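The stops below go one selection at a time.

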Amino acid sequence: MYRIWLTTTVILAAFSLNARSQDSISSSEVKRIISTLAADDMQGRKTFSPGIDKAATFIEQEFQKAGLQPWQNAKGYRQTFYMYRVKPVSVNLTINGEKRVSENVIVKSTAGQLNWNQEGQVAEQHIKSGDNFFDRVRALRSQKGNTIVWVDAAQSESFRQYGEYLQQNFQMADSGNLVLVLQEPTDTAIRSVNLDVRQQVTPLPLFNVVGMIPGSSRPDEYVIFSAHYDHIGILKPVEQDSIANGADDDASGSTAVMMLANYYKNHKPARTLIFATFTGEEMGSYGARFFSQLMPPEKVVAMFNIEMIGKESKFGKNSAFITGFERSDFGQILQRNLEGSIFHFYPDPYPDQQLFYRSDNATLARLGVPAHTISTDQIDTDSLYHSVNDEVETLDIQNITSTIQAIAVSAVSIVDGKDTPSRVATEGLKPQH
């Protein structure tokens with residue numbers, strides 16, 4: 001009898017929550033928001049373009065209508081940071097009295113000028129012949145202060161490629177400065193370093209759009225709902241259409257974040273809810289990476305990252321998948337909260353695509369946060385991905401609506417502090433690109 005009563009109660013609760021979500025998460029609102037974000041006048045929302053500025057303004061207006069507060073006592077919803085275009089002008093390096101050939105020196109720094117004149121102990125690291133060069137560099141970027149990195153001559157091709165990469169791409173400011181020196185292996189200790197570097201550095205502003213609802217009883221525990229609002233802009237014309245509107249990627253996810261903000265505005269959550277739309281995902285998750293630097297990982301209980309929910313999933317209607325499902329019990333909690341409903345969450349069916357690492361959840365997941373991406377995209381067969389044909393007309397608005405409703409319902413126990421997902425084990429996770 002107890003089991004029958006409990007099952008009935010769960011089913012009634014699930015349908016009651018669904019009724020509430022249907023009242024505040026409607027297909028008409030979904031269509032209004034996604035049609036605005038993916039309109040031609042947004043110019044494909046490419047980072048650094050007028051279109052992405054216009055998109056950010058629209059998201060700010062929606063956050064204001066939902067009554068969100070700015071995050072961390074900011075004056076508004078925009079979270080501004082900078083990327084840097086760095087062009088070397090001159091590099092002069094002498095170690096132990098020996099002048100190094102500039103072609104064999106790479107400086108990883110966003111400073112316009114560096115002058116080292118050091119004697120005695122100097123921080124040193126090594127990239128050995130058998131190392132994965134690029135994984136090793138990524139790991140070394142967290143070094144603070146000034147560091148000489150000896151690079152084995154066997155890595156000369158990767159060394160050259162990395163130098164070209166730095167000149168052709170934007171850089172984020174790191175906590176320290178790396179000087180990579182290509183040389184034959186040596187056991188000679190550094191006794192003195194003289195370095196004079198001049199670089200042409202151009203800062204360019206980017207901005208996430210972030211708002212919050214403070215928690216009522218656990219304000220220092222955070223639940224994040226996120227998506228990226230940037231896309232790839234203007235492409236080579238196809239049948240006179242050159243705008244990559246990014247309706248599914250990821251106006252659909254950004255629409256979900258705005259709808260969830262509106263859903264929870266009268267909920268009085270126990271935990272603080274953070275609603276974040278990130279920039280720069282298409283360039284390397286730069287917005288999420290900056291956001292994560294400001295976010296104490298131990299305070300983040302869960303991250304619901306939402307990416308491409310515009311079409312029916314491989315599992316059929318009323319379903320979505322969760323990347324990294326096996327890495328925490330996040331997905332199990334969500335599915336348990338949907339018992340008695342017709343919606344189901346499944347593990348990621350595309351493990352070969354490495355989707356857990358390809359969206360904005362990855363940075364916080366690497367810090368142990370149960371940060372996962374929810375999606376419905378059939379990525380292995382999606383011919384509209386990163387094309388000018390990713391238009392609103394290709395989407396299933398009702399599918400988007402039901403997925404947002406399911407996220408709203410399934411997140412309630414985490415939002416209210418009744419469930420806390422297990423942490424992601426960081427051992428063995430791929431390093432950040």
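R327 is partly exposed, with 28% relative accessible area. Keep in mind while you look around that this is a predicted model. The side chains of E326 and R327 form a salt bridge, 3.8 Å from N to O. E326 is exposed, at 63% relative accessible area.

How many salt bridges does the structure hold? The count is 21. Two further stops take you to some of them.

Select E62 and K65. Their salt bridge has its closest N and O atoms 3.1 Å apart. Why are E62 and K65 separated by about one helical turn? Because they sit three residues apart in helix α3, residues 50–65. Colour the pair by accessibility. E62 is buried, with a relative accessible area of 10%, whereas K65 is exposed, at 54%. E62 counts as buried because its 10% falls under the 20% cut-off.

Move to K311 and D382. Their side chains meet in a salt bridge, with N and O 3.8 Å apart. K311 lies in the loop between β14 (300–306) and β15 (319–322), and D382 in the loop between β17 (371–375) and α11 (397–410), so the pair ties together parts 71 residues apart in sequence. Buried or exposed, K311 and D382? Both are buried.

Now select S359. Look for it in the loop between β16 (344–347) and α10 (362–365). S359 is buried, with a relative accessible area of 4%. Which side chain makes a polar contact of 2.8 Å with that of S359? It is the side chain of N305. Show the surroundings too. Setting aside neighbours within four places in sequence, S359 is in contact with E281, S285, N305, E307 and T373.

Last stop: S156. This serine is found in helix α5, residues 156–168. S156 is partly exposed, at 36% relative accessibility. Finish with a distance label from S156 to F315. Their C-alpha atoms are 47 Å apart in space, and the two residues are 159 apart in sequence.

Definitions and conventions. Residues numbered from 1 in each chain as written. Predicted model: local features only at pLDDT ≥ 70, side-chain atom pairs only at ≥ 80, totals over all residues. Heavy atoms only, no water. Salt bridge = Lys/Arg side-chain N within 4 Å of Asp/Glu carboxyl O. Helix = DSSP H or I, 4+ residues; strand = E, 2+ residues; numbered from the N terminus. Buried < 20%, exposed > 50% of the residue type's maximum accessible area, 1.4 Å probe, protein only. Polar contact = N/O pair within 3.5 Å; in protein donor to acceptor, adjacent residues only side chain to side chain. Contact = heavy atoms within 4.5 Å.
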